[in-house]
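Morning, everyone. Please look at the model on the screen, and then we'll walk through it.

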Amino acid sequence: MGNYRRQRNYRHANHQARNERYEAACFRPLERAHADTDIPADYVAIYPSHSKKECESLEVPLQRAFFGPRQVLPSDVASIPRSELDPQQLHELMNDYLGTSYALDKARYSSCGLHSMRDGYVVNKGISPRRVWDLWSNRVVPTWMVCTELEEYDCTVKQLNKQRRFFAVSHSWVDREELQFVDTPINGYEWPVPIPYATNLECIRTELLHHTSISDSYKGRYGNISLAEDRNLAHLSTERGAQHIQYAWLDVLCLRQEGEDEDEQLRAEEWKLDVPTIGTVYVGANSVVYYFSGLGLPFRIGDLEHHRHWLKRAWTLQEHNGSKRYSLDDSVHEFSAKLNRLPQAGSADLFHAIDEMRRRCATSELDKISGLHYLCNIDRVPVYDIGEQPNNAWLLFLEALPAFKRATVFFSFPEPGIGGKNQPVWCPSWEQLMDAPKPRQSEVERSLEVHFDDYRGEFSIECHSVRCQLIGFDADSEDREGRVMLKSETGEWIPFRAQADHEQPIRDGGYTLLFGDYDTDGAYGSNLKDTLRCVIGHIKSGVFKKATVIDVNIGRLYSELGQDTVGESGAWYKVANLNRHVDIVLA
């Protein structure tokens, strides 16, 4: 794309010459589709091509033509170069064409985006998107221009949809060799827009206008919708005459894409805020339209395990509206079942979300980590830093995670982290997390919390801690049962049976055992638990280094005969220092 800037200026000049022929068209009504008498008198006809034959040959029926409100400009009119008209002339032109009498107000700059980031974190997750696509004027416009009556700090997705209803578009991406990079006046030639070779922006716009403006009964005259074989796969307007949705959010047009080298710094700055808040756009939008088989392309079930399928991409997890359930015919039963099993964005269980991300594909591992922030509804979301190392981004995720969820990670994952510079041992690294099998999620007491000290940059936990001896955890054994030897207050060793539900090696020897409350109602001795999830490791220089996790059967003693024996009443409570609570720094 080294010559993109020069090519853009050249093509822009061609646009100026070509569009001079269409300036007069702004003052006359568009041709109505006279063949259909059901179209209201104030509706106009718009075609994605000047050739009727080309329009009729389009595979997707709803991309062939659009019949809608007069305010929708044809592409040739919308593409008149802004350099040809000053703001006052353009304003008068639009008033004449649309039959309106709006006054020309000075545009104001909204600084709400500047106040949405602080100290490397996004503090306003609900901020509105930076840009939206005005489908009527066929222009990408700043959000602050759309909602001029909003106060500076009310620039949220919720307020945007309340003031100016908009919908979002979710789509799968095709392979790079199947993409064309189009310079277009729609985004002011800011960056080349990546879309599949098999479609174009005019066809996509025509179809999206259908989904927001015409009733379902009218759509039926032009064939089924192209997004899928069943209309339930898209949220659509169902009433003609309802408030027409004018604005859409489509990433290739509204999220700055790769362009000239000198524009990469600007893209990096915008992505710091725009990428972490993408999920909010989809939840806050009036509706979501899905292209499961590629932007603007007809629905095909295809290979559900293909790395480019919508169901295999990391980004689409946060674009899924989990509150909607799909009921399709038998031909797409597997596809429908997979959709219905997806975690609900904004409220997903951490382990379910991680497991889903493990099976997904992404251009960058940062995309997966950024998606986890939204799926798990993390309040303190780090900015998206292009070029950040995945392990560092994962550490920022852990710092932002609620303390109780950090404790769940600590007690659930058997494998310690790789350690090293700025990398913890108490939890796995990002690479370990993606390669390891899904762990069994432990039932951790709500009182257990792994705290993070911003000033010292260290993690710690307050819990029970005792010294123990571990014996007999054979790595080759299927059940991996062994003994946990705990000293009583009289100095004798009490053997408890324990199991390891993983393959992490456990050598015989002395360890420090960390665990939470061991009774179910908080009163010691009232109702002893059968099994206690524990973390084992070693303390050196006041810092705990995790080795792995085990389950201790605190109600059963170990028998030398290899049989379980019910422990004598109160055996667990004879353990020395059992009730000792300590605040331990974690490596």
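First, a term: buried means under 20% relative accessible area, exposed means over 50%, and partly exposed is in between, with a 1.4 Å probe and protein chains only. By that rule Lys-312 is buried, at 14%.

Some ground rules. This is a predicted model: local features need pLDDT of at least 70, side-chain atom pairs count only at pLDDT 80 or more, and totals for chains, interfaces and linings use all residues. Residues are numbered from 1 along each chain as its sequence is written, and side-chain values use heavy atoms, leaving out hydrogens and water.

Now salt bridges. Here that means a side-chain nitrogen of Lys or Arg within 4 Å of a carboxyl oxygen of Asp or Glu. How many does the structure hold? There are 19.

Back to Lys-312. Its side chain meets Glu-305 in a salt bridge, 3.5 Å from N to O. Glu-305 is partly exposed, at 49%.

Next, Glu-270. It forms a salt bridge with Arg-130, at 3.9 Å, N to O. Glu-270 lies in helix α10 (residues 264–274) and Arg-130 in the loop between β4 and β5, so the pair ties together parts 140 residues apart in sequence. Helices (H or I, at least four residues) and strands (E, at least two) are DSSP runs, numbered from the N terminus. Glu-270 is buried, at 6%. Arg-130 is partly exposed, at 35%. Both belong to a salt-bridge network that includes Arg-131 and Asp-274.

Stay in helix α10. Arg-267 and Glu-264 both lie there, 3 residues apart, about one turn of the helix. They form a salt bridge, with the closest N and O atoms 2.6 Å apart.
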